[in-house]
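Work through the exercises below with the model open. Try each task before reading its solution.

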Amino acid sequence: MKKILVFLIAALFVGACNTKPTPQVTVEKETQPVPTLITQKALVAYFSATGNTKKVAENLAKALHADIYEIKPAVPYTAADLNWRDSNSRSSVEMSNESSRPEMAENDISVKEYDVIYLGFPIWWGTAPHIVKTFLEKHDFSNKKIVLFATSGSSGMGNTAEDLKPSVATIAQIKPGKVLNGNPSVEELKYWAQTME
Ligand SMILES: Cc1cc2nc3c(=O)[nH]c(=O)nc-3n(C[C@H](O)[C@H](O)[C@H](O)COP(=O)(O)O)c2cc1C
């Protein structure tokens, strides 16, 4: 009996010694692309009378892989309409009347499915053209984040955000954003958008 016991212990010992060391397999984690931007669904909506804001909006949409929507006036602005030196021009008349709400050609976008709306326009008389208010007042921006951007001759955003606030529900968040002059690149816009998160 004692012999059998010794034999069994020896067999177990030899068995243990023969166990091959388990190879150290390192499972490389698949490299996932690091998301550089928020997972929020973004829309770039813009109004542009002469094309400057349009270029920025298009590059911003590229940078964010966002949908893009142009706010088009029902009656396009002519050069004469845009003459700010003429106090009787259409833009001067509209901008001097706080309650003017120029009509949009269409309103075929639903903002429901978006978390954040980048809203672009030219600076007119230090603020947003009133058609931007028309757009804001036609949709429900409750709980949405609106990030403003603009192009201008030289002015900054000034009080544009404050000026636009009454056109949205109080539970919408408006970020004053920035004037993005100088044709910023897609990369530069991507960086800027990250600072707005
Ligand atoms: C009626 C009108 C008013 C403007 N007011 C200003 C202004 O107050 N400050 C400024 O820097 N530029 C002003 N500008 C210049 C525009 O903001 C600028 O040219 C802008 O880039 C035009 O954008 P868009 O091509 O997208 O329409 C005005 C232009 C117009 C037509």
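Predicted model: local features only at pLDDT ≥ 70, side-chain atom pairs only at ≥ 80, totals over all residues.

Residues are numbered from 1 along each chain as its sequence is written.

**Exercise 1. Fold**

Task: List the secondary structure and give its order along the sequence.

Solution. Start with the elements. Helices (H or I, at least four residues) and strands (E, at least two) are DSSP runs, numbered from the N terminus. The protein has six helices and five strands. Next, read along the sequence: the pattern is α-β-α-β-α-β-α-β-α-β-α. Then turn to contacts, meaning pairs of residues whose C-beta atoms, placed from the backbone, lie within 7 Å. Of the contacts with a separation of 6 or more, 76% join residues 24 or more positions apart.

**Exercise 2. Strand S1**

Task: Find the strands that pair with S1 and decide whether S1 is buried or exposed.

Solution. Begin with pairing, which requires at least two DSSP bridges between two strands. S1 and S3 are parallel, with five bridges. Val44 has Tyr118 as its bridge partner in S3. S1 and S2 also run parallel, joined by four bridges. Here Leu43 is partnered by Asp67 of S2. The chain gets from S1 to S2 through H2, in a right-handed β-α-β crossover. Right-handed means that, with the strands pointing away from the viewer, the path from the first strand over the helix to the second runs clockwise.

Now check burial. A residue is buried if 20 or more other C-beta atoms lie within 10 Å of its own, exposed if 12 or fewer, and partly exposed in between, with C-beta atoms placed from the backbone. Five of the five residues of S1 are buried, so the strand is largely enclosed by the rest of the structure. Ala42, Val44 and Tyr46 cover one side, and Leu43 and Ala45 the other. In the protein of 197 residues, 29% are buried.

**Exercise 3. Ligand shell**

Task: Describe the residues around the ligand by number, class and source.

Solution. Count residues whose C-beta atom, placed from the backbone, lies within 6 Å of the ligand. There are 20, the closest being Ser48, Asn52, Thr53, Pro122 and Gly153. Sort them: seven are nonpolar, 12 polar and one charged. Ala, Val, Leu, Ile, Met, Phe, Trp, Tyr, Cys and Pro count as nonpolar, Asp, Glu, Lys and Arg as charged, and the others, Gly among them, as polar. H2 (residues 52-64) gives the most to this shell, with three residues.

**Exercise 4. Positive phi**

Task: Where do His65 and Asn183 lie?

Solution. His65 is in the loop between H2 and S2. Although not a glycine, His65 has a positive phi of about 50°. His65 counts as exposed because it has 10 C-beta neighbours inside 10 Å. Asn183 is in the loop between S5 and H6. Asn183 is not a glycine, yet has a positive phi of about 50°. With 11 C-beta neighbours inside 10 Å, Asn183 counts as exposed.

How values were computed. Near = placed C-beta within 6 Å. Contact = placed C-beta atoms within 7 Å.
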